[in-house]
Amino acid sequence: MISNDVNKIDRRSFLKFSGSITFVISAGLAYPLYSFFRKEEQENIPINAWVQISPDDKVTIYNPAAEMGQGSRTALPIILAEEMDADWAKVIIKDSPIDAAVYGHDGWGSRPMMAIVGSYAVEGYYKNLRLAGTQVRQILKTIASNHWKVPLTELSTEANKVIHQPTGKRLSYGDIVALGQMPSVLPEVSPELLKNPKDFKIIGTDIARRDIPEKVNGKAVYSIDIILPGMAYAAIERSPVLGSKPVLLNEQEIMNLPGVLDIVILDHGIVVIADDIEAAFYARQRLSIQWSDVPAIEYNSEESLHEYASLLNDPSYDITEVFTVGDVKNQNSIIKTFTSDYLNDYVYHAQMEPLNAVVALSEDRTSAEIWVGTQAPDTALRDAAKTLGIEASKIILHRCYLGGGFGRRARRDYLIDACLIARQSKINRPIKLIWRRENDLSSGMFRPKSLQRLTAGMDTNGNLITWEHKIIGPGRGLLHTGINIPFYNIPNQKMEVKYIDHSVQTCSWRAEGHSQNKFAIEAFMDEIATNVNIDPLTFRRRLLKDNPRALHVLNTVAKMANWDSNTPTGKGRGLSFCERSAITACVCEISLNQNTGKIKVHKVWMAVDAGLVVQPKNAITQIEGGIIMAISAAMLERISIKNGKVEQSNFHDYSILRYADVPETIEIELIRSLEKPVGIGEASLPGVGGAIANAFAALTGKRLYRMPFTPDRVKKVLDT
Amino acid sequence: MKIAFKLNGKKVSIDCPEETKLLWALREKFQLTGTKFGCGIAQCGVCTVHLNGNPIRACVMPMSAVDGASVVTIEGLAKKDKLHPLQEAWINEQVPQCGYCQPGQLMQAAALLKANPSPTREEIIEHMNGVICRCGTYHRIVKAIQQTIDKK
């Protein structure tokens, strides 16, 4: 959150703004204005701004995207600043108002949206922010041209200045807005006016992230940090099994506990509200609740996973065809067929900031203020309005920094909880709801478990000519992202999915289905290559020979890792190639403790082609972080569900990677490119699991078919 | 119970039940929200502060143990306007991503350098192992700590 003082203002002053969005555009200073999705209405409605320039030459740029650690809060304004030729040192970044019609990206359909998921911030806003920046530049040049009475074509811009080339005269942007001669009609801008990416001055340079200074001194504000005068604290016990409803058995006892102010009964949980957070947590622990029986209580994740292989052929489940090309069945030239099954478990987000939100209702309960960390501010506002029964226009939603998103904070269940509590509680005070880590796990929304069956056919020339990939598991659309193999040249392909509902909540988890699906694809590819005695690099090169861009990525990582050299004794190296927005190729070098079954990843090399990269240094850190998160998920992370309940409850029984298991070196190379930028935040995860599994095969001659590769599982594989 | 202690160099006191945890006293009573809540059971380390110079997990530390002691939080790591060398290195290496665990990481690292001004990579890893980071900034944190040592 930008304003560090917002948590210190007194209650009267923060409530009096209710009902009016606080940003105001004052005529003459607040130009230029641009709205992407209301072009036809521009003359009739108030227009929102992306940029404000003040006479002291400060440029304020509105950032539309959630900042969850991916750096978009800096990257998006850089794009706009580049096209308007702003002096970056004079740029101030503010979060935009929540209005998808103005500040949304194109999304994946026609409806604009503000949700930042799927590493889509830079990719989704790139074109529009460039146009907005170009419009700013055009307006400033137009005013200067009128002021100097010189033709527009004689003017150029650089670093907050318009320059008259023939005379060398200069006007700063601040001086120009001070002239007060804003055009009444904003100029149309077309893509021909955009800069040639070759001429970019700040895109592609190492600009420091603006959020970092306040993240090293404790000043960065997450919603959990909000403290309001008179604030009360809520703790919740949520259904341990989805759909189960509570009956509170000791209401009077709880109300008599010190500090307890109120109890709120929800359909899916019981809430204690208290004077301070510890009193709320203490009372929560003492709740005696009888939960209703629901069918989901029969569900055991491990048993169910073992049924998947037979369910794959069960006609009572609908099969969805995801992709087909050619004909995988009638190929007479096949002389060799391969098939393998791969399994993976549920995985938890484990974002470090437990889910929480702060809701303050006005005394007459007709307006509200909310503080929350959300990946989807527009849907969050809509959900809050609906839950509170208050119009969205009478709610101010303050966007705070997210202490990790990874997909989990694209959902709004925790915010809806906070709104339900504020609405139902009889106390008239701002309320901060904090889920304990135990809530975060028991009400987790996981990356789905699945079984994947891969089948491939090879012809007499040693070419793969058929490829079939079937996935079965929960999670619907989350299950099959990454199932396609767009760069591998295999003429006949068929991809299918069977969805099963287990009444377990699933959710996008950084890189979605790519992590488990690319693991299966790349491990299978390696298994085939080894079987026909071809080096895995050579084997993939043949499949990528018609895709120079993809081939270059593969060759780059091979060179980085010196693939053709001998692997050190006791180590194994594995290779993978895949795409998640960006194209990546990865080599992992591992060792193995034969006694314990523990795999250690020592070195990782990764080549990444993400098109044009806005902030290379930040891109590298994102890729590094993604590799570490992927190693964590591939080696350690597993949610199990017994009798409908999540068995893990906190970091003592849900381990994530720690320092001791971080690779000694991680080398990354970004392929230089001027192609349209694509997402980077998730790109590095999917290749890691396969590269580790393949390194294990190179080291031991045995294959790992189930992720995560926990020591007990590895030991079993070694013993067979 | 009345508890008097030193907080970031200043004498403070608080009246609270003795089992009140230092984390919540810092965050909600003293409004020093840089120290974070992550797990509540001393497993994640994001609540790390210094108690008499030692890194401890504030989420399990009762206020009764703080009486008469000296506590330093992330807000007290910089000396007036001068950032701690680790904070500078964190900026140079662009360490934080979501940033939530970083106060804990910094406090843990600062305690190490105080006790051992030039730790080896192995010593850094062993000392830092208790503080987890979901964004995966470990690699950069180790670099930033090494950079600080090299500058000395």
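Reader: Angles under 35 degrees count as roughly parallel, over 145 as roughly antiparallel, 65 to 115 as roughly perpendicular, and the rest as oblique. At what angle do H16 of chain A and H5 of chain B cross?

Author: Keep in mind that this is a predicted model. In it, the axes of H16(A), residues 616-635, and H5(B), residues 138-151, cross at roughly 120° and come within 8 Å. The pair is therefore oblique.

Reader: Which residues make that contact?

Author: From H16(A) you have A:Thr621, A:Glu624 and A:Ile628, and from H5(B) there are B:Tyr138, B:His139 and B:Arg140. By class that's 2 nonpolar, 2 polar and 2 charged residues.

Reader: Zooming out, how many residues does each chain put into the contact between A and B?

Author: Chain A gives 48 residues and chain B gives 43.

Reader: And which helices of chain B supply at least two residues each?

Author: On the side of chain B that touches chain A, those are H1 (22-29), H2 (85-92), H3 (102-115), H4 (121-128) and H5. The class make-up of that side is 21 nonpolar, 17 polar and 5 charged residues.

Reader: Back to H16(A). How does H16(A) pack with H17(A)?

Author: Their axes are 8 Å apart, at an angle of about 55°, and H17(A) covers residues 686-700. That angle makes H16(A) oblique to H17(A).

Reader: Is the crossing left-handed or right-handed?

Author: Right-handed, as H16(A) passes H17(A).

Reader: What meets what there?

Author: A:Ile627, A:Ala630, A:Ile631 and A:Ala634 on H16(A) meet A:Val688, A:Gly689 and A:Ile692 on H17(A). Sorted by class, this contact has 6 nonpolar residues, 1 polar and no charged ones.

Reader: New topic, the core. Which residues have the most contacts inside the largest nonpolar core?

Author: A:Ala234, A:Ile273, A:Val359, A:Val557 and A:Ile692, in a core of 252 residues. A:Ile692 also turned up on the H17(A) side of the contact with H16(A).

Reader: Which helix gives the largest share of this core?

Author: H4 of chain A, residues 121-148, with 12 residues.

Reader: What does A:Val359 touch, leaving out residues up to four places away in sequence?

Author: A:Val359 touches A:Ala368, A:Ile370, A:Ala418, A:Cys419, A:Ala422, A:Pro430 and A:Ile431.

Reader: What's in the second core?

Author: This separate core has 10 residues, among them A:Leu451, A:Leu478, A:Ile483 and A:Val497.

Methods:
Residues numbered from 1 in each chain as written. Chains lettered and ligands numbered in written order. Predicted model: local features only at pLDDT ≥ 70, side-chain atom pairs only at ≥ 80, totals over all residues. Axes fitted to C-alpha atoms, helices over the stretch in contact; angles between N-to-C directions. Helix = DSSP H or I, 4+ residues; strand = E, 2+ residues; numbered from the N terminus. Contact = placed C-beta atoms within 7 Å. Nonpolar A, V, L, I, M, F, W, Y, C, P; charged D, E, K, R; others polar. Left-handed = near helix turned anticlockwise from the far one by under 90°. Core = buried A, V, L, I, M, F, W, Y, C linked by C-beta atoms within 7 Å. Buried ≥ 20, exposed ≤ 12 C-beta atoms within 10 Å, placed from the backbone.
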